[in-house]
Amino acid sequence: MYLQDRVSRRIGELASAGLLRKLQPPRGIDLCSNDYLCLSQHPEVKRRMAEAVMNEGCGSTGSRLLRGERSGFVEIEKRFAHFKGTEAALYFSSGYAANLAVLATFFEPEDIVFSDELNHASLIDGIRLGRARRIVFPHLDIAALERYLERESCPGQRFIVTESVFSMDGDIAPLNECASLAERTGAVLMIDEAHAAGIFGERGSGCIEAQVTGPAAMLSINPMGKAFGCAGAFVCGPAWAIEYLAQRGRPFVFSTAPPPSIAAALDAALDVVEQSSERRERVLSFARFLRTLLAERGFDVVLEGSQIIPVLIGGNSEAIGVAASLQNAGFDVRAIRPPTVPEGTARLRVSVNVGLTESILRRFADVLYTAVRNVAAA
Ligand SMILES: Cc1ncc(COP(=O)(O)O)c(C=O)c1O
């Protein structure tokens, strides 16, 4: 069959470029997941979710606009909006769906969107669906963004789209500068807080809370499968924008509502985040510790940054080789390759979580050092 032949050719191309992925369940010490606060295993989060399954059943049986609506969703949305300091929030079944919904719903053809070059695939796909003109600015380059904003006008609305903590680089956008630039130029700022929510800010609500002193972003997207250890995502913003999303956001309208029990799990996870700042302080102190260990061993890492630490390897097969050595030594670290990251920048995306210890991190740094040296010598 034509299709089967073409697919097998494509698979062959992936294999020869070292880009074939393997589905591999967790094995070894977690140094790669997004479960930064270990909330996916928190006893109270699990208990609340299990209890809700017993009370409410498994599936939600329909879209939120039909029979899938539950009071649990409405209550957790109100609570999360309050946590983010916004008027309203809407919960989506995934961060990917939330990003598609936000960008495809608000952008129209007479608009321009300015997008950081390292934005996540879900933002890139949402921008494609949105049909606005796209201008990509160099990563974190606010001066370049300002120049583009001065130069490029349109009959509609201008938008700036960025992550706060970048998922594959672990660096942090200067949100306060983005927010004042947006305000000055009349652009609307949209921020994906996937890897910041639960970690940054005094209350743990993210980098907007930690950085932005004046008028903040119009909308933020807050995926809950990362630090909150659950699933789905809250989009937070003014009531008029959230209402429009519920009316017109296709991933919201045309999709079965998430299992109702997730609302109970999110409520319990939010309790933990609000009540204990120690977890996020511990994660960030592990991040500093590991960054220092890696710098001492000659790796090109900055000492300050988030809980995500990229270890650049370069070649795809080399990155796979280093990851395999680490896995054999009992560390769960995965090779990240294009198209997730740009060509020639294959890497290990190391992430720390509260369940680790300094002695594990020391051992990991030593094994990593040897693995990289061995691959370079091979
Ligand atoms: C920055 C960013 N945004 C959005 C998403 C998508 O979120 P979800 O995994 O809930 O679909 C991810 C997931 O990796 C992400 O890293």
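**Figure legends for the predicted model**

**Figure 1. Surface and overall form of the protein chain.** The protein chain exposes about 17300 Å², of which carbon and sulfur atoms supply 54%. The model shown here and in the other views is predicted. The protein chain contains 14 helices and twelve strands. Its radius of gyration is 21 Å, close to the 21 Å that the globule rule gives for 378 residues, so the chain is as compact as a globular protein of that length. Along the principal axes, the C-alpha atoms fill a box of roughly 60 × 55 × 55 Å.

Figure 2. Buried residues make up 51% of the 378 residues of the protein chain. Of the contacts with a separation of 6 or more, 70% are between residues 24 or more positions apart. The side chains include 40 positive and 44 negative ones. The centres of these two sets lie 6 Å apart.

**Figure 3. Helix 9 and its surroundings.** Helix 9 spans residues 239-248, and its buried residues are A241, I242, L245 and A246. Viewed down the helix axis, these buried residues fall within an arc of 140°, so they line one face of helix 9. An α-helix has 3.6 residues a turn, so residues three or four places apart point the same way. The exposed residues W240 and R248 are carried on the face of helix 9 turned away from its buried side. The cover over the buried residues of helix 9 includes two helices named here, helix 4 (95-106) and helix 10 (250-253). Strand 2 (88-92), strand 7 (219-223) and strand 8 (233-237) are also among the elements that cover these residues.

Figure 4. S115 is found in strand 3, which comprises residues 112-116. The relative accessible area of S115 is 2%; because buried means under 20%, S115 counts as buried. Leaving aside residues up to four places away in sequence, S115 touches I127, I135, V136, F137 and V161. V283 lies 168 residues from S115 along the chain, and the C-alpha atoms of the two residues are separated by 29 Å.

**Figure 5. E44 in helix 2.** Helix 2 runs over residues 43-56 and contains E44. E44 is partly exposed, with a relative accessible area of 33%. From C-alpha to C-alpha, E44 and Y148 are 48 Å apart in space. In sequence, E44 and Y148 are 104 residues apart.

Technical notes. Residues numbered from 1 in each chain as written. Predicted model: local features only at pLDDT ≥ 70, side-chain atom pairs only at ≥ 80, totals over all residues. Heavy atoms only, no water. Helix = DSSP H or I, 4+ residues; strand = E, 2+ residues; numbered from the N terminus. Rg over C-alpha atoms; globule rule 2.2 N^0.38 Å. Buried < 20%, exposed > 50% of the residue type's maximum accessible area, 1.4 Å probe, protein only. Contact = heavy atoms within 4.5 Å. Areas by Shrake-Rupley, 256 points an atom, 1.4 Å probe, with all protein chains shown as cover. Lys, Arg positive; Asp, Glu negative; His and termini not counted. Charge placed at Lys NZ, Arg CZ, Asp CG, Glu CD. Arc of directions from axis to C-beta.
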